[in-house]
Amino acid sequence: MADLLGVAVLGAGHMGADHIRRLDRVVSGARVAAVADPDADRAAEAAAGLDGVTVLKDPVAALDAPGVEAVLIASPGPDHEEALLAAFRRGLPVLCEKPMVPDSTGALRVLEAEARLGRRLAQIGFMRRYDTEYRRLKALLDGGGLGRPLMLHCTHRNVSSPARFTSAMLVDSSVSHEIDAARWLLGQELTAVTVLRPTPSGGAPEGLLDPQFVLFETDGGALVDVEVFVNCGFGYQVRCEAVCERGSARIGDEHTMVVTTAGSAREEVAQDYLVRFADAYDREVQTWVDATRRGEVTGPSVWDGYAASVVAEAGVRALETGARTTVEPAPRPDLYAGVSR
Ligand SMILES: NC(=O)C1=CN([C@@H]2O[C@H](COP(=O)(O)OP(=O)(O)OC[C@H]3O[C@@H](n4cnc5c(N)ncnc54)[C@H](O)[C@@H]3O)[C@@H](O)[C@H]2O)C=CC1
Ligand SMILES: O=C1[C@@H](O)[C@H](O)[C@@H](O)[C@H](O)[C@H]1O
């Protein structure tokens, strides 16, 4: 391996451009070796000023560009499967943004492909596992001092949703974070889901079912509820309160700045995930680079990505039918026994 890990970044949109900046200027031990985006202008803009980088339109060709030793996938979710399978064929380590693959059949193909290799190559971008507040909550729950967790109450609000955001994406893109966080925090699998939909907000685009109220049941007898509201208009708010037998703990209120002026004080609310989770993304990518340079794969696994897709797909069916829907995952391959829960 070269002194710096050569990374191909596929997709140079919001997340891809931010990860390119991070690889170039924030994390140590890596460099951007290739940038691919079908939108050539976007790729060129994101790669501007970087030395020794190949800029292409074809994401698969980027994997064969000079100096590429690892891949960061930041294309839209439905494009992840092709990129993951192409990386696996070349034996390249991957950090893949969430959702790993939004449809569970495609996610299963990726799971089976990695299991056939017999070794882990991919880490999935559930960055909340690297957030300081989430890690404190996880340590508290694991410590057992508050007793058994009974419920998680979660809030996930975005100022506005991107163009082409669908009602299903509130579940399989936005709530995919809570699905992973709940599995990780509780160490339990989500077994059933119900989605309720109030009259949509007047601030939501025509036809978008926003907000939604999602209720999960777990195999450990806990309940997880999520208010997801992606056009709330006022701020990016992600909260989680764990209610346990002997106490409760809440995260999500810390990321703020209190501004005092002219006789009053007001709290500023982060406007998007790039601000709220900046530290988490930095830690996630640094951890991935360090592990890759050691020849290891750590963090959320392809099994975690698959599990999130199966749960989210049941959630989308629950949204469409209004019925409580059970989650029916494929068996967990031996490769993932005991991995990162
Ligand atoms: N971890 C997190 O908090 C977040 C994760 N994401 C995830 O990051 C991924 C990208 O999302 P955004 O950057 O917000 O989308 P975006 O729409 O801003 O950018 C996507 C880019 O991918 C390009 N693209 C389309 N097809 C491609 C392909 N086959 N190969 C390579 N590039 C392709 C598009 O031209 C566009 O430039 C998604 O999986 C999304 O769910 C997005 C926001 C936050
Ligand atoms: O992953 C993300 C986006 O794709 C999603 O659209 C947002 O709702 C989330 O807050 C953000 O973290």
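This is a predicted model: local features need pLDDT of at least 70, side-chain atom pairs count only at pLDDT 80 or more; totals for chains, interfaces and linings use all residues.
Residues are numbered from 1 along each chain as its sequence is written, and chains are lettered from A and ligands numbered from 1 in the order in which they are written.

Me: Why does Pro93 count as buried?
Reply: A residue is buried if 20 or more other C-beta atoms, placed from the backbone, lie within 10 Å of its own; 12 or fewer makes it exposed, and anything in between partly exposed. Pro93 has 23 C-beta neighbours inside 10 Å, so it counts as buried.

Me: Where does Pro93 lie, and which residues does Pro93 touch?
Reply: Pro93 sits in the loop between helix H4 (80–90) and E5. Helices (H or I, at least four residues) and strands (E, at least two) are DSSP runs, numbered from the N terminus. Leaving aside residues up to four places away in sequence, Pro93 touches Ala70, Leu121, Thr292 and Val297; contact means that C-beta atoms, placed from the backbone, lie within 7 Å.

Me: Which residues of H1 are buried, and what covers them?
Reply: Met15, Gly16, Ala17, His19, Ile20, Arg22 and Leu23 are buried. Their cover includes strand E1 (5–10), strand E2 (30–36) and helix H10 (278–293).

Me: What makes a residue part of the shell around ligand 2?
Reply: Its C-beta atom, placed from the backbone, must lie within 6 Å of the molecule. Asn158, Ser173, Ser174, His177, Val230 and Tyr273 are the residues around ligand 2.

Me: How does the shell around ligand 2 divide by residue type?
Reply: Ala, Val, Leu, Ile, Met, Phe, Trp, Tyr, Cys and Pro count as nonpolar, Asp, Glu, Lys and Arg as charged, and the others, Gly among them, as polar. The shell has two nonpolar, four polar and no charged residues.

Me: Why is one side of E12 and of E15 left without a neighbour in the sheet?
Reply: Strands pair if DSSP finds at least two bridges between them. Strand E12 (247–251) and strand E15 (325–326) each have a single partner strand, so they stand at the edges. E8 (residues 190–196) and E15 are joined by two bridges and run antiparallel.

Note on methods. Two residues are in contact if their C-beta atoms, placed from the backbone, lie within 7 Å.
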